[in-house]
Amino acid sequence: MHITMISAMAQNWVIGTGKGGIPWHLPRDTRRFREFTDEKFLLLGRRTFEEMTGWFTNQTPIVLTRDPDYKTDHGFVVNKVEEAISTAAEKGAGELAVCGGASVYDAALPYTDELFLTLIDGAIEGGAHFPDYDKDIEWKEISREAFPADEENEYGMTFLQLRRLHPSSLRPSRLHLL
Ligand SMILES: NC(=O)c1ccc[n+]([C@@H]2O[C@H](COP(=O)([O-])OP(=O)(O)OC[C@H]3O[C@@H](n4cnc5c(N)ncnc54)[C@H](OP(=O)(O)O)[C@@H]3O)[C@@H](O)[C@H]2O)c1
């Protein structure tokens with residue numbers, strides 16, 4: 001099971017308002033997100049999942065919540081990141097794409113093999129932040145593509161793809177359980 005993570009963040013690591021929602025409108029990034037998630041199993045925090053109601057087409061959401069009674073008509077509900085990985089594996093997925101929000105990025109980062117980041121050219125006010133992904137993990141840069149601001153996109157942005165250099169110490173011991 002390959003674990004990927006996709007996020008857009010401002011220069012000050014902001015990914016969301018902190019009150020629900022994203023404090024920018026960047027169609028280029030929205031298109032990237034839709035293309036990236038096409039037909040995939042997605043891991044989402046309960047808050048982000050509820051914000052995205054009506055957005056899903058061919059994606060399979062796996063909702064992370066501490067609520068043992070949480071129900072959804074669309075996708076699966078889990079109470080642990082490991083359970084999300086095993087659920088996706090049982091359903092035959094080759095990849096689980098972690099799509100936020102802040103607390104789920106934090107919880108799933110130790111399991112993540114590849115990061116797909118959109119680095120926005122600006123510091124933007126907000127209360128939800130991406131974790132410090134460089135702190136305990138070494139990454140190799142796979143690709144980087146920069147785009148200036150334009151009529152449609154208020155900020156310039158860089159699409160950055162990073163691959164983990166060394167497998168997570170969590171993964172081998174956890175994976176044999178899957
Ligand atoms: N810029 C981006 O790329 C991007 C992407 C996604 C989201 N966002 C933004 O991020 C913000 C939301 O982030 P958030 O951190 O407030 O909410 P979130 O991560 O979407 O959801 C939080 C909820 O997920 C559940 N959860 C989190 N960690 C868990 C764990 N370890 N085990 C079990 N359940 C867990 C809990 O649900 P229960 O309360 O039900 O127990 C928690 O309240 C929004 O502003 C959203 O727009 C930005």
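Helix α4 gives the largest share of the shell around the ligand, with 5 residues. Keep in mind that what you're looking at is a predicted model.

**Around the ligand**

Let's stay with that shell for a moment. In total, 28 residues surround the ligand. The closest are Arg46, Thr48, Glu51, Thr65 and Ser103. As for the elements involved, β1 (2-9), β2 (14-16), α2 (46-51) and α4 (102-108) each bring in at least two shell residues. And what is the shell made of, in terms of nonpolar, polar and charged residues? It splits into 11 nonpolar, 12 polar and 5 charged.

Where does the ligand sit among the pockets? The space it takes up is the largest pocket.

| Residue | Protein atom | Ligand atom | Distance |
|---|---|---|---|
| Glu51 | polar side-chain atom | oxygen | 2.7 Å |
| Ile15 | polar backbone atom | nitrogen | 2.9 Å |
| Leu64 | polar backbone atom | oxygen | 3.4 Å |

On its own, the ligand has 930 Å² of accessible area, and the protein covers 85% of that.

**Salt bridges**

Moving on to charged pairs, the count of salt bridges comes to 7. One to look up is Arg28 with Asp150, whose side chains meet at 3.0 Å, N to O. This pair ties together distant parts of the chain, 122 residues apart. Arg28 belongs to helix α1 (residues 27-37), while Asp150 is in the loop between β9 (139-147) and β10 (157-164).

Two spots in the backbone deserve a look. Which peptide bond is cis? That's the one from Gly100 to Gly101, with omega near 5 degrees. You'll find Gly101 in the loop that runs between β6 (95-98) and α4, and α4 is the helix that supplies 5 residues to the ligand shell.

The other spot is Trp13, a residue other than glycine that has a positive phi, near 70 degrees. Trp13 is in the loop between β1 and β2, and both of those strands supply at least two residues to the shell around the ligand.

Notes. Residues are numbered from 1 along each chain as its sequence is written. This is a predicted model: local features need pLDDT of at least 70, side-chain atom pairs count only at pLDDT 80 or more; totals for chains, interfaces and linings use all residues. Side-chain values use heavy atoms; hydrogens and water are left out. A residue is near a molecule or strand if one of its heavy atoms lies within 4 Å of it. A polar contact is a pair of N or O atoms within 3.5 Å; within protein, one must be able to donate a hydrogen and the other to accept it, and residues adjacent in sequence count only if both atoms are side-chain atoms. Accessible areas come from the Shrake-Rupley method with a 1.4 Å probe; for residues, only the protein chains shown count as cover. On a 1 Å grid over the protein atoms alone, a cavity is a set of points where a 1.4 Å probe fits but cannot get out, and a pocket is an open set with protein on both sides within 12 Å along at least five of seven lines; lining residues have an atom within 4 Å of a point. A molecule sits in a cavity or pocket if more than half of its atoms lie within 2 Å of its grid points. Helices (H or I, at least four residues) and strands (E, at least two) are DSSP runs, numbered from the N terminus. Ala, Val, Leu, Ile, Met, Phe, Trp, Tyr, Cys and Pro count as nonpolar, Asp, Glu, Lys and Arg as charged, and the others, Gly among them, as polar. A salt bridge is a side-chain nitrogen of Lys or Arg within 4 Å of a carboxyl oxygen of Asp or Glu.
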